[in-house]
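Okay, everyone, thanks for making time. Let me put the structure up, and then I'll walk you through a few places in it.

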Amino acid sequence: MPSPFFAFAASLPSPSFLPPHHRRSLRTIKTLVESTAGSRPTSALPPPIESLHRGNWVKLICGASFEDAVDVRNLSLVYTLAGVDCIDCAADASVVNAVNEGIDAAMSIAAVQRPWVMISVNDDKEDLHFRKAEFDPGDCPLDCARPCEVVCPANAISLERVTVGNELAGNANASGKLQVGVITERCYGCGRCFSICPYDKIRAITYVRDPSTTSKLLKRNDVDAIEIHTSGRCTDLFNELWNRLGDSIDHVKLVAVSMPDVGESTVAVMKMIYSIMESHLQCYNLWQLDGRPMSGDIGGGATREAIAFAVHLASTLDKPCGFYQLAGGTNSHTINHLKKVGLFQTTAISGHSSDISGAAQSTGFKEALIGGIAYGGYARKIVGRVLRKMPTQHGHPKIEDHPDHFLEALQEALTLVGPVKCYSMPFVLPKQMTSV
Ligand code: SF4
Ligand code: SF4
C-alpha cells in the first residue's frame, strides 16, 4: 500500500502542457514543499517576525555585491520553496527584480509563505561585502597556472587564451594573450583571489551604494527590508546615511544593521546606532551579528566567530532593542554549534494562535534570544553547484525547466533550512521519487 505521502503526490493535478516526467517532478516538488516548508497557520504577526520571535528565522543572503540575475532568480526560487523568511540581495533594481521573479515562480509551484525581500547597503568602504576584484587579463603571463580561476567560489573569473598574430601558421612573431578576466556581476568580493595571484595583478575596487538609489528601491512595493552594513568603529557615517535615507525608511517593515564584533565597545556602538535610528524607526529592527564574512563555504570551523559573537551578546544584560541573527561563516555546522551553547531555542510550529505570547504559552517556548541564522556563501555553494550543471545552450536557464536539477537543488536547500525550521518531513527524497 502506498504511503500517504506517495498517495498525495499521485493525486495532485498536473499542468497538461508539460512533458509527463516534468509534471511528475513538479508534483513531487509541490508535495515535498507543502509537507515541509508549506504555509502554516501562524499568529497575527507577519510570518518572518514570528520566526524571529521563535528563533527559527532563516535568511538567504544572495550577496550584497552578487548581481548575476539568473543565479539570483534561481536561488530565490529554490530557497523560497525551502521556506526561508527573507532573501537579502544587492541594492540594485535588476537584482531586486530577479529575486521577486524567483519568489513568484516558487509561489506558482507550491503554497509557500512569501519571504521578505531585503536590500543590503553600506555606510562606508570598510565592509568587505562591498568590493569587486579587478585585473587586466592582458597583463597576465601566459604561463601562469591561473590559481585565481580555481580559488574563486563564484566562478567569477574566466580566462580565455586568444591568438595575436598568425600563431597557427607557425609564425615566429605570433603570440597569445588572455582575455575576459573578472565577470563583474558574479564577483561578490570574497577576496580569495587577491592573495593567491603570484604576480600581484588583482586589485580590490570598493564602493558605497548610492543613498538616493537606495531610497527609490525602498519605496518599491516588492522591497520589505533594508540592511545597513557598518564597521562598528565610527557611527558618524551611519548617522549620515540614515539621515540621507530619510522618509524612505518608513516604507520598510524591518531595518537590519550588520556589524562585526568589535570587542568591548560592541554593545556601546550598537546602542549609539540604535539611538540614531530610534526617533525615526517605525518598524522592527534586527542586529546581524557578522562573524567571519563570506567564509561559510570554507569549512565547519568558519562558523565559530558568529557563534562567539552570539555568546558575547547573550552574556550581556543590557542589550540594545531588536532581534539578533547570526551571519558570516554560517553553514550546516552552525545549528549544532548554536545548540551546544544553548542558544537555539526554537520549537516546531504547531497550531494556531492569535498572538506571539499566546503561541509561546501554548508551545512552551520563551522568546528566543537569537532570532535565527542567515546563510550566504554556503547556501549559494550547495545550490550553485547544481545550477552549474544545468545546460546553458538555450540562453538563461530556469531551474524549474530542468526537473532533475530542480529536485536536487531543493533537496540541498531543505537540508540547510530544515534543521532550523524543525521540519518534521525527511528532506532526503526516496530514490523512486527522484528517478523521474
Ligand atoms: S573576490 Fe572572490 S568572488 Fe571575486 S573574483 Fe576574487 S575570488 Fe572570485
Ligand atoms: S593568478 Fe594572477 S597572473 Fe595568473 S591569471 Fe590570475 S590574475 Fe593573472
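Let's start with D85. Setting aside its neighbours within four places in sequence, D85 is in contact with P47, P48, S51, N56, W57, V58, P115, W116 and K421, where contact means heavy atoms within 4.5 Å. And where does D85 sit? In the loop between α4 (69-82) and β2 (86-90). Helices here are DSSP runs of H or I with at least four residues, strands are runs of E with at least two, and both are numbered from the N terminus. D85 counts as buried, at 7% relative accessibility. Buried means under 20% relative accessible area, exposed means over 50%, and partly exposed is in between, with a 1.4 Å probe and protein chains only.

Quick housekeeping before I go on. This is a predicted model, so local features need pLDDT of at least 70 and side-chain atom pairs count only at pLDDT 80 or more, while totals for chains, interfaces and linings use all residues. Residues are numbered from 1 along each chain as its sequence is written, chains are lettered from A and ligands numbered from 1 in the order in which they are written, and side-chain values use heavy atoms, with hydrogens and water left out.

Now, one of the partners of D85 was K421. K421 lies in helix α15, residues 403-421. K421 is buried too, with a relative accessible area of 10%. Which side chain does the side chain of K421 make a polar contact with? That of S51, at 3.2 Å. A polar contact is a pair of N or O atoms within 3.5 Å; within protein, one must be able to donate a hydrogen and the other to accept it, and residues adjacent in sequence count only if both atoms are side-chain atoms. Again leaving aside neighbours within four places in sequence, the contacts of K421 are S51, N56, W57, V58, G83 and D85.

Let me zoom out for a second. The protein has 16 helices and twelve strands, and of its 436 residues, 54% count as buried. Eight of the strands close into a barrel, in the order β1-β2-β3-β8-β9-β10-β11-β12, and the pairing is parallel. Two strands pair if DSSP finds at least two bridges between them.

Going through some of those pairs: strand β1 (residues 57-61) and β2 run parallel, joined by three bridges, and L60 stands opposite I87 in β2. Then β2 and β3 pair in the parallel sense over five bridges, with I119 in β3 as the bridge partner of C89. Five bridges also join strand β3 (residues 116-122) to strand β8 (residues 225-229), again parallel, and there I119 has I226 as its partner.

How buried are these strands? In β2, five of five residues are buried. In β3, seven of the seven residues are buried, so that strand is largely enclosed by the rest of the structure. Remember that in a regular strand the side chains alternate between the two faces of the sheet. In β3, W116, M118, S120 and N122 point one way, V117, I119 and V121 point the other way, and all are buried.

On to the helices. Helix α5 (residues 93-109) and α4 have axes that come within 7 Å and cross at roughly 35°. Axes are lines fitted to C-alpha atoms, for helices over the stretch in contact, and angles run from 0 to 180 degrees between N-to-C directions. On the α4 side you've got A69, V72, R73, S76, L77, T80 and L81, meeting V95, A98, V99, E101, G102, I103, A105, A106 and I109 in α5. Also, α5 lies across β2 and β3, running at about 155° to β2. Helix α9 (residues 236-245) lies across β3, β8 and β9 (254-260), at about 155° to β8.

Last stop, T330. That residue is in the loop between β11 (323-327) and α12 (334-340), and T330 is buried, with a relative accessible area of 3%. Its side chain reaches the backbone oxygen of A374 at 2.6 Å. Beyond its neighbours within four places in sequence, T330 is in contact with G296, T303, I373, A374, Y375, G376 and Y378.

That's my tour, thanks.
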